[in-house]
Amino acid sequence: MSMGSDGVLTIQAGPAALDHLRRHGLRAGDVAAIAGAAGGPKGLILQAIDQFLFGEWLPQAPRQRTLIGASIGAWRMAAACHADPASAFQRLGDLYCEQRYPRKPSPQLVSEVCIRILQDFVGGHENEIVDHPQHKLNILVSRGRGLLQQPTRSAQTVAGFATATLANLASRKLLARHLDRVIFSAQPTPWLATPFDAFDTRFAPLQQDNLATALLASGTLPFIMPPVTAIPHAPPGTYWDGGLIDYHLALPYARLAGQPEGGLVLYPHFTNHLVPGWLDKPLCWRRAGRGTHRHWLDNVILISPSQRFLQALPRQKLPDRSDFMHHGLDHAARIADWRTAIRAGQRLRDALAAFIARPDPALVMPL
């Protein structure tokens, strides 16, 4: 069910989270973690919600919280860790919208543009992001194995990802033979330290001198950008987008449940379902919350735009990478569409704020 005065927002909750909402509503102090999905420009739609959550609502109940993201989700969570998160989200949105490329940009050019964005976004703010007193930032990155461990030629990279794609088609477990999960975090994250899936999960210390590089690696798409090969304080290897393994962050969130100070996971998302890995996008049968790991989402509250909301956006969809091809060199038209979508996201913020003020469990669907 969609909610809000004009039905713009969808709220879904796992069983434990739904029971909590019925008894207590949605309280800032109960939120133990925030997740941010990969998805490139799609994340722009959440700017107003992010500004409200981190700039107004969550500061009302300061506590230790895990912030975890991949790709644009990691960039958003880094914005949340700024001393002035509302301004940081605004700056990130402005910088992201202003990307401009020729018709067929080289991978090196795309990487250079992203490096400049990150320099303008986190430069001078490294200390406040890494050492935030309440927020523990976790950046997800994928590290190559097998043919992808240290490819020296483009043909080897192509072969490596072709093999990984076929392996993933057979079973997500088999993808673990081709990619490791690396989590950059300034502090230990115990609920992710115990193995929970087939992927080898390694932790690397998040420090001021590797923050920007870790964020770059987390958003480095294969073939679109060259891989990142040297991240300070991280295991040696070849790094790509964290969304390859954790596209929509299908993680064992239920391990956070039961904390005395509250164990809810709030997940502002741009769609109403969770796709485990980037290679799972075309596999409609492979969705989080099904099968043996269904309980992982017991304490998760997922908020996302409704179909009605999406139909009112430019081209009746979220901003995405296809807009670069659609608009070609007409950068102004693409940027205008993206800014229109960002402004529309204020309706999502208003609907969420209204639900928090007057929670109605009847408006919440099972996740």
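**Exercise 1: Aromatic pairs**

How many aromatic pairs does a search of the whole structure find, and how is the pair F161 and F223 arranged?

*Solution.* Start with the rule. Rings of Phe, Tyr and Trp (its six-membered ring) pair if their centres lie within 6.5 Å; planes under 30 degrees apart count as stacked, over 60 as edge-to-face and the rest as tilted. Searching the whole structure gives 10 aromatic pairs. Now take F161 and F223. Their ring centres are 5.7 Å apart and their planes stand at 65°, so this pair is edge-to-face. F161 is in helix 7, while F223 is in the loop between helix 10 (211–218) and strand 8 (239–241), so the pair ties together parts 62 residues apart in sequence. Helices (H or I, at least four residues) and strands (E, at least two) are DSSP runs, numbered from the N terminus.

The model is predicted: local features need pLDDT of at least 70, side-chain atom pairs count only at pLDDT 80 or more, and totals for chains, interfaces and linings use all residues. Residues are numbered from 1 along each chain as its sequence is written, and side-chain values use heavy atoms, with hydrogens and water left out.

**Exercise 2: Buried or exposed?**

Decide how F161, F223 and L169 are classed by accessibility.

*Solution.* Use the cut-offs: buried means under 20% relative accessible area, exposed over 50%, partly exposed in between (1.4 Å probe, protein chains only). F161 has 7% relative accessibility, so it counts as buried. F223 has 47%, so F223 counts as partly exposed. L169 belongs to helix 7 (residues 154–170). At 45%, L169 is partly exposed.

**Exercise 3: A ring and a charge**

Which residues form one aromatic cluster, and which charged end sits over the ring of W338?

*Solution.* The cluster consists of W75, Y96, Y101, F324 and W338. Over the ring of W338 sits the charged end of R334, 4.7 Å from the ring centre. The rule asks for NZ of Lys or CZ of Arg within 6 Å of the ring centre and within 35 degrees of the ring normal.

**Exercise 4: Strand 9**

Which strands pair with strand 9, and is strand 9 mostly covered or open?

*Solution.* Two strands pair if DSSP finds at least two bridges between them. Strand 3 (residues 31–36) runs parallel to strand 9, joined by three bridges. Here I34 stands opposite L266. Strand 10 (residues 300–305) also pairs with strand 9 in the parallel sense, over four bridges. There V265 has V300 as its bridge partner. Now check the cover. Strand 9 (residues 264–268) is mostly covered, with five of its five residues buried. L264, L266 and P268 lie on one side, V265 and Y267 on the other.
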